[in-house]
Amino acid sequence: MIPTLYITRNGLLEPLGQSQVFAYLRGLSREYSITLITYEKADDWADEGRVAQAKAACAAHGIRWLPQKFRSWPKIIAPALSMLRMSWLVLREVRSRRVELIHARSYIPAAVALLVSRLTGTPFIFDMRALWPEELITAGRLKRGSLLHQAIVAIERNCLRRSAAVVSLTHAAVKYLKSEYPSELENQRVEVIPTCADLERFDLTREKNVCGYVHGCIGTVLSGWFRTSWLAAWCGAVSQSDHQATFDIVTRDDADLVRRSVDPSRLLGQRLRITPRRPDEMPDAVSRHTVSVMFYAGGEVSELGRSPTRMAEVLGSGIPVVANEGVGDVASIVRENRVGVILEGPEPLHIEKAIQELKELLIEDGLPERCRETAEKLFSLEAGTDAYRRIYESILKKGYS
């Protein structure tokens, strides 16, 4: 089998490492001899049981796992030191194992892959995920035009130009990148692979709620990326138009803080439920919702690259969504496949219009099946793995110069 190297600063022991790294590598390991370099946080690494499970899972699929310690302090120096250590490790692995392809997840691994590629001629994939520089600016962690920002943009520019292929989460991000870097992407291979989900876990066979409409919301709502004011406005308006409707927020966020944000006047009372769920409980929790609400802080350039995992899981369960504009490909997917409603704003007129559209949608025949088909078409783990497999095959067949 062809030796390949996968590098990510995420941990294999994190939920994201399991769902968005290992899930793909499991399938790719049938054709490729994979070495996986991850960066594990101290709390995760201290859990000996989970570490043993991860090692066993990697061994079962022939994946050679090289876990490293994740360091976040000092803030600016830590990533630089991480890049130096990672560069040495990646160069060692490429040379000693004769690696033929490097798969770099996000910007710092891609910068390392770029350096090693220049030294060894080994092709690399720039799996950029979201638009990291813009995300840092939106979060207030990076100032546009600063020396650090210029350095990150220079890395982005070179990785886009010199990688063997670029992978983005959304078509919206690709459109933006092509306008920003027309010459770098003129002859570049750019693929869109959205955040996928294991749809064998989320399906149509689970027990549904039959006692009134349940407006659900899953995942964090206090991250700063979620519009809690829109969620509050939606719940308030729905509660007035449908006295039987209930609201179920499934999150690990502090329940009191969530309630204060979503229902500050405590008008919803027991109609609003806020509880955490374990990963294995999520499929049942989602299946009991009538509709799933997701309002991200759209409108920023950083949001063009967002591909919410929750959308894949919800649609896979046959549940339609209520979402907003300006978040990756969310609005276009909802409209083109008729699997939900787009809320144009938090004002009463907008909400009233969306509620009416939702009522009409929910009585359509075949809605659950249409949601599921959309998830299978766009977000299935198998589709994502096949897309990566095609990229690998194309690069290795073509060779690299």
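Biologist: At what angle do helix α1 and helix α16 pack?
Modeller: Helix α1 (residues 15–28) and helix α16 (residues 381–398) pack at about 60°, and their axes are 9 Å apart. Helices here are DSSP runs of H or I with at least four residues, strands are runs of E with at least two, and both are numbered from the N terminus. Axes are lines fitted to C-alpha atoms over the stretch in contact, with angles from 0 to 180 degrees between N-to-C directions. This is a predicted model, where local features need pLDDT of at least 70 and side-chain atom pairs pLDDT 80 or more, while totals for chains, interfaces and linings use all residues. Residues are numbered from 1 along each chain as its sequence is written, and side-chain values use heavy atoms, leaving out hydrogens and water.

Biologist: Which residues of α1 and α16 meet?
Modeller: Ala23, Tyr24, Arg26, Gly27 and Leu28 of α1 meet Leu381, Gly384, Thr385, Tyr388, Arg389 and Tyr392 of α16, where contact means heavy atoms within 4.5 Å. By class, that contact has six nonpolar, three polar and two charged residues. Ala, Val, Leu, Ile, Met, Phe, Trp, Tyr, Cys and Pro count as nonpolar, Asp, Glu, Lys and Arg as charged, and the others, Gly among them, as polar.

Biologist: And α4 with α5, what's the angle there?
Modeller: About 45°, with the axes of α4 (residues 77–97) and α5 (residues 107–120) 9 Å apart.

Biologist: What residues does α4 bring to that contact?
Modeller: Pro79, Met83, Met86, Ser87, Val90, Leu91, Val94 and Arg95. On the α5 side, the residues include Ile108, Val112 and Leu119. The contact of α4 with α5 divides into 13 nonpolar, two polar and one charged.

Biologist: New topic: what lines the largest cavity?
Modeller: His215, Gly216, Cys217, Leu231, Cys235, Phe247, Ile249 and Val293 line the largest cavity. By class, the lining has six nonpolar, two polar and no charged residues.

Biologist: Which element gives the most to that lining?
Modeller: β8, with three residues. β8 (214–218), α9 (228–241) and β9 (246–250) each supply at least two.

Key
On a 1 Å grid over the protein atoms alone, a cavity is a set of points where a 1.4 Å probe fits but cannot get out, and a pocket is an open set with protein on both sides within 12 Å along at least five of seven lines; lining residues have an atom within 4 Å of a point.
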